[in-house]
Amino acid sequence: FFLQTDVEISLVGGSCKNPVEKFWNGSSAMYILQKATHSEESDSMEESRTDDAVYASEVLPKENPGALALSVGRAKQLISLYTMVQNPKVTSLGMSDLAVLPPLWARCDASDPQHTCWIGAEPLKAGNKVTGINIYMVSCDGPTADKTHFPKLEELKMEHKIRHHSSVVTTKGFARYELIAAAAIEDTIAESGSNIYVDITWNGVEKILETPPVISAATLNIALESGDPRSPVFQLYRELQFLLALAEGLKTGVTEWPEPSESESAPKLVQEFLTDLKKKLDGDYIFEDKNETEEIKCDTAAVDSCIKSIFGERGDLDFTEQLWCKMKSKCVSSYQELIDCFTLVIKSLERGEIQPWVHQGSSSFLSQLIQQSYHGKMEDVSLSDITPIQMLLEVGLEKMKKDYVSFFIEQKPLLFQDYFISTSVDLQEQVHRVQKLHHMLEIMVSCTGLLQFRHENLFPLTQICMKYYKENPLNEKHVFQLPIRPALVKKFYQNDNPEVWRVEISSGHGQKEVKTTWQVSTTAPVEHGTSNNSDFLSDSTGNGSTEERLYFISTTQCSQVQFT
């Protein structure tokens, strides 16, 4: 193929995105064949490439995807060449001992009457020998809302029987329903990667676009990005952002402080807080401001009332945690304010004006100073350089860890894993793990508040999330998958149209098995394809306000070439 100057070929494998995953369920690496770009950049990239596999971003089209598609005739010619090379009986080429090549998929421009957009060839193997080739033809059309043009299931089955000389066929259905999509906030819907959808599979399809039967296999898919202002835990997210700003400041030496609040300054709030504690120690403290006490308790989780029932309100805030609540983002707005706050606290401790309580096992520097003050002797503290920032970061980190633990421990009998709250790693890694905890919390809150999940459903989902995050870095684009019973979410999709609906018709067994797949989807199944009506396409892919759901149609047909 490298002798064919009008084409370029790339090997896609490993973690790269599979451009034909909607039509082919193979798991091996594959060749992607497309029209050559002849750019100097691509030439230099080929020369410098040392790895066989390339990233999907190098393979998938960017600016003008249609320009990378081959004509259907040229694609068929190259697929024939690939098939001939793999045939051990074609000895005239002198390549009978060639190793089995990965499958080959060629992009097509849909210029034929069938609108063929992909042609694929997959070797059939017996050990290290090639015994035949599966040829795939993928055609695409649409979008259309006219379901009267959809074929009947019996027509598809009969067409398959005739093509493959089969007397018996089996059918398998697949449907994807979007349960909770990120609702549009002005024009931000395209920027959000949050979505919750369910994939359902079943055997014995009876008609096109049928609703999956209750006896089906279902998988809940959750991709959630933190920071949605409508989330019940958005205030906790903002608290986390302040923690991240402190961690970044500790690492780079530059801290982004929030805008000064119009309310009281942080030092004034801290002074009032210390004065109240001193009155309490002197025995003349009057519990008048019940709302303030309640506010501090509720601020533990910084969540609104609709989620407190599942998050739980911590009533055990120690001195350092209450101090964090006073000093966090809406109050402390400068490095000098931070120094002033800690100066007030340290002087009160040194003078014995307060004897605050801290959690047993608290390891922050401020907690150590407080424990030293119990014995009337404290080490000297220089509030300069990064020391004040690190002190506040340690206090906030301990407080937020307990906030998240208070939720996950409630999911009894869940054994919370120490990995997420370990202090044996450096502060930056501890902050990173707290970010993971917040992402897991956002997922649990969404499933509880939006899908009405109960504990028996949250427990396995939490375990799945924890297992992933013990082994992987933070990734809010990751899709978490939970096997569920369809009945659990049926009320969310039973009266809705699917995002994807597919029927797979198959006959034969083992390597002799052949399939015909017919599918409709609300999004274009190929990135390089063209609509049969470009005006219709541009008018119909907006916000889904049309009465009828618009569908793209794709058909994948398989045929076999046997070499033995």
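The model is predicted, so local features need pLDDT of at least 70 and side-chain atom pairs count only at pLDDT 80 or more, while totals for chains, interfaces and linings use all residues. Residues are numbered from 1 along each chain as its sequence is written, and side-chain values use heavy atoms, with hydrogens and water left out.

Let's start with helix 5, which covers 234-252. Helices here are DSSP runs of H or I with at least four residues, numbered from the N terminus. Several residues of helix 5 are buried, among them Phe234, Leu240 and Gly249; buried means under 20% relative accessible area, with a 1.4 Å probe and protein chains only.

What follows helix 5? Glycine 253 does, and its phi is positive, near 85 degrees. Threonine 255 lies in the loop between helix 5 and helix 6 (266-282). Threonine 255 is buried, because its relative accessible area is 14%. Leaving aside residues up to four places away in sequence, threonine 255 touches Ala245, Leu246, Gly249 and Ile389, where contact means heavy atoms within 4.5 Å.

Now for the cysteines. A disulfide is a pair of cysteine sulfur atoms within 2.5 Å, and a search of the whole structure finds 0 of them. Cysteine 465 is in no disulfide: the nearest cysteine sulfur, that of cysteine 447, is 8.2 Å away. Cysteine 465 counts as buried because its relative accessibility is 0%. Cysteine 341 is buried too, with a relative accessible area of 0%.

Note on methods. Helix = DSSP H or I, 4+ residues; strand = E, 2+ residues; numbered from the N terminus. Buried < 20%, exposed > 50% of the residue type's maximum accessible area, 1.4 Å probe, protein only.
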